[in-house]
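Morning, everyone. Please take a look at the structure on the screen, and I'll walk you through a few local features.

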Amino acid sequence: MKHIYSILILLLVIGCTKDFEEINTNTNDPVTVQPSLLLRQVIYDYGEQMSYEGFTAGNLLGQYSTALDFNLFDRHDLKSPQLGGNPWPIFYQNLRDNEIILNLSQENAAYTVYEGPARIMKAYMAAGLTDLFGDVPYSEAFKGDTETVTPTYDTQESIYMDEGGVFDNLDKGILAIQNYTGTIALEGDILFNGDLDGWIRFANSLKIKYLMRVSNKIDVASQLQTIANEGNFIDTNEENAIFNFTDGEPNSFRLAQLRVGDFNNYVLSKTMDEILTGLNDPRIARLYQPFANSLDGEYNGLLNGIDASAGVSLADYSLLGTIFRENTGLLDANFMTSMETHFLLAEAAQKGLITAEAESLYNTGITQAFEYWQVDLPQEYLTVDANFANGDALQNIITQKWIANSINGYEGWIEYRRTGFPKLKTISASLNNDLIPIRMPYPAEEEALNNANYTEASNNTEGNSINVAVWWDE
């Protein structure tokens with residue numbers, strides 16, 4: 001039968017070559033993808049995967065939790081990711097797919113509405129990528145098989161500051177939305193349900209975040225003041241850039257879908273225990289559970305980076321809260337929030353970069369953080385336990401932001417690197433000479449697949465060292 005079929009095909013080709021392309025087009029395999037489907041996929045895939053990454057690996061680096069086993073990463077051997085710790089492919093897969101959306105928006109007038117969100121998502125993911133790794137492939141990356149498959153590494157400064165970089169894409173994204181006069185709705189938008197104003201607020205909150213991130217390198221005061229004066233940023237929890245997980249599969253938080261042993265590998269860190277206990281902070285009951293051997297519902301944290309061979313009893317330490325496993329319908333994939341925006345503005349005001357009342361912004365951030373985590377704010381929390389005037393005001397701001405970002409562990413670690421707060425601990429059995437890492441290492445596949453460019457980047461980081469600061473942290 002195969003031979004007969006081949007002869008028929010050959011006859012068709014000889015006698016009807018002008019129809020060859022039509023005959024051999026698979027009508028069930030579209031040559032282009034709908035940007036609405038791809039936008040939904042990018043938002044969900046990035047949010048879902050990075051929430052898991054933030055929980056498993058980011059929370060170890062940020063000292064929110066401690067790993068009992070499979071804990072080379074927790075001991076700061078970052079080149080040995082185990083249950084998490086390799087976000088590189090998550091960034092590049094979604095940046096590549098997002099680039100397709102951006103290209104479609106510029107090639108087809110029917111898709112113009114997607115340009116603004118695609119540029120904003122590109123800025124958001126690119127900043128996350130370079131903040132973790134430093135110099136990375138960027139200007140030659142995300143091209144699929146149409147350009148080089150061995151892209152050069154761009155400097156972090158250029159990724160932030162140059163045309164086509166983070167700030168440029170945020171500005172162009174806002175402008176594209178403001179200039180859009182079409183009637184075609186934005187579909188596939190699981191962050192804002194097609195509300196383009198929501199994307200502008202998201203972009204402006206991101207600008208505040210990234211301006212603060214580079215504020216030790218460039219003068220950002222006038223730009224921050226302009227955004228603060230205009231007030232068109234994420235200002236309430238109802239405006240947050242988030243999407244909700246569910247209690248059941250397939251859209252529950254990943255830890256709810258894995259075996260219970262993976263979840264029970266993580267316990268409350270000593271760092272978080274001391275901070276929350278010192279503040280009499282009731283959010284400890286939302287984020288963690290009393291340890292099994294407790295007699296009075298107490299909590300107990302473990303110092304990060306234990307030597308797993310020493311052995312500890314799970315029953316003596318507090319597991320992570322049920323919100324991360326049994327009740328994930330209460331949990332969000334968190335891209336950017338009002339609480340984080342207000343803490344950033346409070347920091348800017350405290351440093352004199354904007355004219356505003358730092359304490360008021362701080363109190364708003366805390367109030368919204370309690371609302372976000374669905375915990376009642378104690379009556380005296382703002383005036384006594386977490387009073388802005390208690391000790392170092394800047395430390396108070398960053399520590400409260402760190403607590404609020406409990407599902408975004410990488411963010412807590414990045415902001416620790418930038419500010420030195422909260423004061424993280426020297427871990428128990430360090431594999432990095434008792435140093436807290438200040439960048440993620442390039443993954444092994446880069447050395448294999450992009451060797452020449454990797455080698456240059458590795459040389460620029462003292463052999464791919466995790467102790468070499470990124471540009472904004474130098």
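In what kind of crossing does α16 pass α17? The crossing is left-handed. Keep in mind that this is a predicted model.

Let's stay with these helices. Helix α16 covers residues 393-404, and helix α17 covers residues 409-419. Their axes lie 9 Å apart, at an angle of about 165°. Angles over 145 degrees count as roughly antiparallel, and α16 and α17 are therefore roughly antiparallel to each other. Who meets whom? From α16 we have Ile 398, Lys 401 and Trp 402. They meet Gly 412, Glu 415, Arg 418 and Thr 419 of α17.

Now charges over rings. Arg 417 has its charged end over the ring of Trp 413, 4.4 Å from the centre. Arg 254 lies over the face of Tyr 52, and here the distance to the ring centre is 4.6 Å.

On to aromatic pairs. The structure holds 31 of them. Phe 192 sits in the loop between α7 and α8, while Phe 202 is in helix α8, so the pair ties together parts 10 residues apart in sequence. Phe 192 is buried, at 11% relative accessibility. Phe 202 is buried too, at 0%.

The loop between α7 and α8 also holds Asn 193. Is Asn 193 buried or exposed? Exposed, at 73% relative accessibility. Asn 193 is not a glycine, yet its phi is positive, about 55°. Most residues other than glycine have a negative phi, and most peptide bonds are trans. Gln 63 also has a positive phi, about 60°. You'll find Gln 63 in the loop between α3 and β1. Gln 63 is buried, with a relative accessible area of 1%.

Next, cis peptide bonds. The bond from Glu 249 to Pro 250 is cis, with omega near 10°. Pro 250 is in the loop between β4 and α10. The bond from Phe 421 to Pro 422 is cis as well, with omega near -10°. Pro 422 belongs to the loop between α17 and α18.

Last stop, Pro 137 in strand β2. Pro 137 is buried, at 1% relative accessibility. Beyond its sequence neighbours within four places, its contacts include Trp 88, Tyr 92, Phe 142 and Glu 446. Tyr 454 is 317 residues away along the chain, but the C-alpha atoms of Pro 137 and Tyr 454 are separated by 9.4 Å.

Note on methods
Residues are numbered from 1 along each chain as its sequence is written. This is a predicted model: local features need pLDDT of at least 70, side-chain atom pairs count only at pLDDT 80 or more; totals for chains, interfaces and linings use all residues. Side-chain values use heavy atoms; hydrogens and water are left out. Rings of Phe, Tyr and Trp (its six-membered ring) pair if their centres lie within 6.5 Å; planes under 30 degrees apart count as stacked, over 60 as edge-to-face and the rest as tilted. Helices (H or I, at least four residues) and strands (E, at least two) are DSSP runs, numbered from the N terminus. Buried means under 20% relative accessible area, exposed over 50%, partly exposed in between (1.4 Å probe, protein chains only). A charge sits over a ring if NZ of Lys or CZ of Arg is within 6 Å of the ring centre and within 35 degrees of the ring normal. Axes are lines fitted to C-alpha atoms, for helices over the stretch in contact, and angles run from 0 to 180 degrees between N-to-C directions. Angles under 35 degrees count as roughly parallel, over 145 as roughly antiparallel, 65 to 115 as roughly perpendicular and the rest as oblique. A crossing is left-handed if the near helix is turned anticlockwise from the far one by less than a right angle, and right-handed if clockwise. Contact means heavy atoms within 4.5 Å.
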